[in-house]
Amino acid sequence: MSKSNFSRFVVLVMLVVLLLGAVLPSAAQAVPESDPTAPIRVWVDAERARQVQAFIDANPDKAALIEIINEPLGANVQQRMLLYNNIGGNWPDVIFEDPSTWRTLNTPQFDFFPADLRPYIPQDVLDQFYPTANDPCIAPDGSLICVRNDIAPEVMFYNVPAFAEFGYELPTTWEEYVALAQQVAEEHPGYTMGQLDGWEPQLLWYRHSECPLMQPLSASSFLVNFLHPNCQRMSEMLDTVNALGVLDNQGTFSAGYGQIWESGNWLIHFGPSWLPDFVIKGLYLNADDPENQGTVGVALLPNWADQATRTTSNVGGGSYAMSRHTLNADLAAELIIFVSTNPDVGAAQAATPAYMPSAAAWGASLLTRVPLLASDPDPWTVISEAASGVMADSGFEGPPHSSPVFSPFFTDVAAGNRTVVSLNDDLQAALVEAVTTAGFEAVTDGP
C-alpha cells in the first residue's frame with residue numbers, strides 16, 4: 001500500500017469510528033465519589049411523588065437532603081438534559097420516566113446521562129423482578145441504566161354472565177377466537193369482542209404474535225419486517241373479525257365504548273393489567289352497582305396454536321434512573337431501591353409492581369379495589385402468570401418508537417378507510433423511515 005493510500009485508509013478508519021461513536025452507546029460513565037452530605041433532586045410525577053415521600057417518612061434523618069420536583073412524564077426530558085449538559089449543571093439526580101427514555105439518554109449526544117445501577121443493587125434483589133421486566137433497562141454493554149417500577153402485561157377480559165348465558169368457552173388460541181367471532185356474529189350480532197383503533201395496536205395485537213416490527217438486533221440496528229408471516233397472519237385475522245362486526249372502532253377510551261360495556265353488549269376486551277383500576281372501574285362500569293360486581297373475568301391472552309410458548313405484550317410501565325452526575329450516588333440508589341422494592345409502597349401504587357414481592361402485595365387487594373372483577377379464576381393469579389410471560393423485547397425500543405408510526409394508520413382503519421392488510425407496504429416503509437431517521441440501521445429481512 002502506498003503512503004498516500006495508507007493515509008487515506010487511516011482517515012477512513014477514523015471517520016468510521018467517529019460515525020459509530022455517534023450511534024453506539026459505550027460503557028456507562030463513572031459516577032463521582034458519593035458525598036453523604038450532598039442533596040439530591042428527584043424528578044417524579046404525582047403518583048411517584050408519594051413513593052418518594054414514603055422513603056422520606058421512613059428515613060427522616062435524610063429528609064433535608066431530598067428535594068421532590070413534580071414533573072409529568074415526558075416533560076421534555078431530552079431537551080432539558082441537553083440544556084443542562086451545555087451549562088454543565090442543574091441535572092436531577094433521580095428521574096422517573098419510560099424505560100425508552102434512558103436508552104435515548106445513554107448515547108454520546110446526551111453524554112451518557114444514566115448511571116450504571118449494578119454496583120448499587122444486589123443481584124439477588126434484581127432476580128426478584130418479573131422475568132424480562134428490566135430488559136429495557138439493560139444497555140448494550142450490560143449496564144443497568146434504570147430499574148422498573150411497574151409493568152403492564154396484556155390479558156383478556158371477558159363478560160362472565162354473557163359467556164355463561166350463551167354457553168361459550170373462552171378462546172385460548174387466536175384460531176379459536178376467530179371461530180368464536182364467527183359464531184357470535186351469527187348468533188348474537190351487536191356484541192363486541194375487542195377494540196380496533198389507533199391506541200397501541202402494535203402492542204395489543206402484534207408483539208405477542210412474535211411480529212418483528214421493530215426488534216433490536218444490536219446497539220445500532222433493528223429488524224423491521226412487518227411483511228413477516230407472523231405479522232401478516234395477525235393483520236389477516238384483524239380484517240376477518242373486523243368484517244364480522246365484532247370489533248368496536250369508537251376508541252378504547254371513548255364514551256361510546258363505555259356505553260357498550262354498560263349495556264352488557266361486550267364479550268371480550270384485550271388490555272393491560274392496569275385497565276381494571278383506571279378504565280373498567282369508572283369509565284366502563286359503575287363499581288358501586290351490585291349488578292356489575294363480579295361480572296368481569298380475567299384470562300390469559302390467546303396465542304397462535306403453533307406458538308411454542310404462551311406470551312404476552314407489555315403495555316406500559318415506568319422506571320427510575322440515576323444521573324451519572326449525582327454527588328450522592330449512595331442516597332440516590334438507596335431511594336431507587338426503596339421505591340422499587342418496598343412491598344408497602346408497591347401495594348399502594350397504581351400499576352402492577354415489577355418487583356414480585358411487591359406485586360404480590362398489590363395483587364392481594366385487587367378484588368377489594370375493583371369489585372367488578374370475578375374471583376374465579378383469581379384475577380391476580382392470571383395477571384401474575386401473564387407478567388411472567390411478557391416477551392423479552394416487548395416494548396424494547398427507544399429510540400426509535402413504533403407507537404407514533406402505527407397510530408395514524410390504525411386510526412384510518414378504525415374510520416373504515418382502509419383494511420389492515422392494505423397497510424402492509426406503507427406501514428413497513430414508515431417503520432423503516434422511523435428507524436433510519438433515528439440514526440439506526442433497519443434490517444428488513446430475517447427470522
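Student: Why is the crossing of H17 and H18 called right-handed?
Tutor: A crossing gets that name if the near helix is turned clockwise from the far one by less than a right angle, and is left-handed if anticlockwise. H17 and H18 cross in the right-handed way. This is a predicted model, where local features need pLDDT of at least 70 and side-chain atom pairs count only at pLDDT 80 or more, while totals for chains, interfaces and linings use all residues. Residues are numbered from 1 along each chain as its sequence is written, and side-chain values use heavy atoms, leaving out hydrogens and water.

Student: Which residues make the contact?
Tutor: Val405, Phe406, Phe409 and Phe410 of H17 meet Asp426, Leu427, Ala430, Leu431 and Ala434 of H18, contact being heavy atoms within 4.5 Å. By class there are eight nonpolar, no polar and one charged. Here Ala, Val, Leu, Ile, Met, Phe, Trp, Tyr, Cys and Pro count as nonpolar, Asp, Glu, Lys and Arg as charged, and the others, Gly among them, as polar.

Student: How do you know whether H7 is parallel or antiparallel to H9?
Tutor: The axes of H7 (residues 174-187) and H9 (residues 229-243) come within 10 Å and cross at roughly 15 degrees. That makes H7 roughly parallel to H9. Their crossing is left-handed. Trp174, Tyr177, Val178 and Ala181 of H7 touch Met234, Met237, Thr240 and Val241 of H9, a contact with seven nonpolar, one polar and no charged residues.

Student: What makes a space a pocket or a cavity?
Tutor: On a 1 Å grid over the protein atoms alone, a cavity is a set of points where a 1.4 Å probe fits but cannot get out, whereas a pocket is an open set with protein on both sides within 12 Å along at least five of seven lines; lining residues have an atom within 4 Å of a point. The largest pocket has a volume of about 920 Å³. Among its 40 lining residues, Asp98, Pro99, Ser100, Gly316 and Gly317 are the closest to its centre. H4 gives the most to this lining, with five residues.

Student: How many cavities of 30 Å³ or more are found?
Tutor: The search of the whole structure finds four. The second largest cavity has a volume of about 70 Å³.

Technical notes: Grid points are joined across faces, edges and corners, and a volume is the space filled by probe spheres set on the points. Helices (H or I, at least four residues) and strands (E, at least two) are DSSP runs, numbered from the N terminus. Axes are lines fitted to C-alpha atoms, for helices over the stretch in contact, and angles run from 0 to 180 degrees between N-to-C directions. Angles under 35 degrees count as roughly parallel, over 145 as roughly antiparallel, 65 to 115 as roughly perpendicular and the rest as oblique.
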